[in-house]
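Subject: Structure handover

Hello,

Here is the structure you were going to take over. My notes on what was found in it follow below.

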Amino acid sequence: MFHIVRHRKYWYLISLLIIVPGLVSLLFRGLNLGIDFTGGSMVEVRFQEEVSVEEVRTVLAGHGLEQSVIQPSGDRQVLIRTGVISETQNQAMVESLGREIGALTVLRNEAVGPVIGKELVQRAIWALAATVIAIVAYISWRFDFKQGLAAIVALLHDTLIALGIFSLFRLQVDSAFVAAILTILGYSINATIVIFDRIRENTKTAKKTEPLEDVVNRSLWDTMARSINTSTTVMFMLLALFFLGGATLKTFILALMIGVVSGAWSSVCIAGPLWLDLRKRLPWPKRPAGARA
């Protein structure tokens with residue numbers, strides 16, 4: 001049986017090789033924030049004939065708005081989200097769509113202010129902070145504080161990988177991305193708790209001469225099939241949604257796919273081994289009977 005825990009320095013190094021470039025990109029380039037955070041215009045129109053996203057984007061390119069988010073929103077309806085533009089530019093864009101594609105009806109034409117975006121950022125940060133505090137409190141009560149710390153580092157690992165990839169490839173971050181991050185936290189912690197639970201059970205039944213390192217490794221392999229099967233089946237569903245679910249879901253699904261992969265990795269290669277390191281280096285609390293470090 002391959003000793004995962006004994007080679008944990010390599011797993012930490014692999015994670016750092018992925019996280020560090022993303023962190024550098026986050027520091028120097030930031031995220032490509034969408035209209036939900038920066039403010040802009042939101043226009044929804046219904047055409048009399050079927051129209052494709054490419055046709056709408058071609059018309060918008062004539063106004064320098066080809067980077068806008070264009071989403072089908074119903075039968076012959078299209079939702080267009082642009083950056084901040086003037087009322088004159090907005091009117092010219094709508095007139096061009098009607099002239100070059102066909103007759104249309106404007107269903108919605110709204111301006112989203114940056115104040116709303118700032119409020120959304122604040123709420124997202126509060127939601128993440130509340131989630132982290134609740135997770136630490138629950139795991140500390142259910143297991144021990146060091147496992148709570150290890151779980152939070154694993155969650156931070158998954159969040160930084162998702163943020164870093166979106167920053168590196170300039171993928172647009174909108175409110176769906178925030179929802180995806182919170183979903184990733186829930187998925188990742190679920191797999192981590194299963195492993196911690198198995199570690200706790202195995203430490204109770206382990207021989208006194210069995211090193212804790214071997215107990216943790218045995219626990220990882222006990223749950224390996226469950227971790228792989230769960231992640232694989234979830235990825236099948238996400239891939240189907242990514243290719244067949246439409247443009248509206250792509251940001252959300254892409255973030256989830258990154259989170260599922262990084263979550264499976266961090267649960268097996270980061271959380272358990274990191275808890276072992278914390279047990280060795282932090283003197284408190286006392287270790288449970290039945291295993292030695």
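A definition comes before the notes: rings of Phe, Tyr and Trp (for Trp, its six-membered ring) pair if their centres lie within 6.5 Å, and planes under 30 degrees apart count as stacked, over 60 as edge-to-face and the rest as tilted. This is a predicted model, in which local features need pLDDT of at least 70 and side-chain atom pairs count only at pLDDT 80 or more, while totals for chains, interfaces and linings use all residues. Residues are numbered from 1 along each chain as its sequence is written, and side-chain values use heavy atoms, with hydrogens and water left out.

Aromatic pairs

Searching the whole structure gives five aromatic pairs. One of them is Trp11 with Trp265, an edge-to-face pair with 5.9 Å centre to centre and 85° between the planes. Trp11 lies in helix α1 (residues 8-28) and Trp265 in helix α9 (residues 247-281), so this pair ties together parts that are 254 residues apart in sequence. Helices here are DSSP runs of H or I with at least four residues, strands are runs of E with at least two, and both are numbered from the N terminus.

Trp11 is buried, at a relative accessible area of 16%, whereas Trp265 is partly exposed, at 27%. Buried means under 20% relative accessible area, exposed over 50%, and partly exposed in between, with a 1.4 Å probe and protein chains only. Together with Phe2, Trp11 and Trp265 form one aromatic cluster.

The rings of Phe166 and Phe177 have their centres 4.5 Å apart and their planes at 50°, so that pair is tilted. Phe166 lies in helix α6 and Phe177 in helix α7, so the pair ties together parts that are eleven residues apart in sequence. Both Phe166 and Phe177 are buried.

Helix packing

Helix α6 (residues 145-168) packs against helix α7 (residues 175-205) at an angle of about 145°, and their axes are 10 Å apart. Axes are lines fitted to C-alpha atoms, for helices over the stretch in contact, and angles run from 0 to 180 degrees between N-to-C directions. The crossing of α6 past α7 is right-handed; a crossing has that hand if the near helix is turned clockwise from the far one by less than a right angle, and is left-handed if anticlockwise.

On the α6 side, the residues that meet α7 include Gln147, Leu155, Asp158 and Phe166, and those of α7 include Phe177, Ile181, Ser188 and Phe196. Contact means heavy atoms within 4.5 Å. The residues of the contact of α6 with α7 divide into twelve nonpolar, four polar and one charged. For these classes, Ala, Val, Leu, Ile, Met, Phe, Trp, Tyr, Cys and Pro count as nonpolar, Asp, Glu, Lys and Arg as charged, and the others, Gly among them, as polar.

The axes of α7 and helix α8 (residues 212-244) come within 9 Å and cross at roughly 145°. Here too α7 passes α8 in a right-handed crossing. Among the residues that make this contact are Tyr187, Arg198 and Asn202 of α7, and Leu212, Asp222, Arg226 and Val234 of α8. The residues of the contact of α7 with α8 divide into ten nonpolar, seven polar and four charged.

Arg170 is found in the loop between α6 and β6 (172-173), and phi of Arg170 is near 55°, a positive value in a residue other than glycine. Arg170 is partly exposed, with a relative accessible area of 30%.

The sheet

Four strands form an open sheet in the order β3-β4-β2-β5, with antiparallel pairing. Two strands pair if DSSP finds at least two bridges between them. The edge strands are β3 (69-74) and β5, each of which pairs on one side only. Neighbouring strands of this sheet are turned by 20° against each other on average, direction ignored.

Strand β2 (residues 40-47) is mostly covered, with seven of its eight residues buried. Eight bridges join β2 to strand β5 (residues 104-112), and Asn109 in β5 is the bridge partner of Val43. Six bridges link β2 and strand β4 (residues 77-82), where Arg81 in β4 is the bridge partner of Met42. Strands β3 and β4 pair over five bridges, and Gln71 stands opposite Leu79 in β4.

Helix α3 (residues 53-61) packs on the sheet and touches β2, β3 and β4; its direction makes about 140° with that of β3. Helix α4 (residues 87-100) also packs on the sheet, touching β2, β4 and β5, and its direction makes about 155° with that of β5.

Regards
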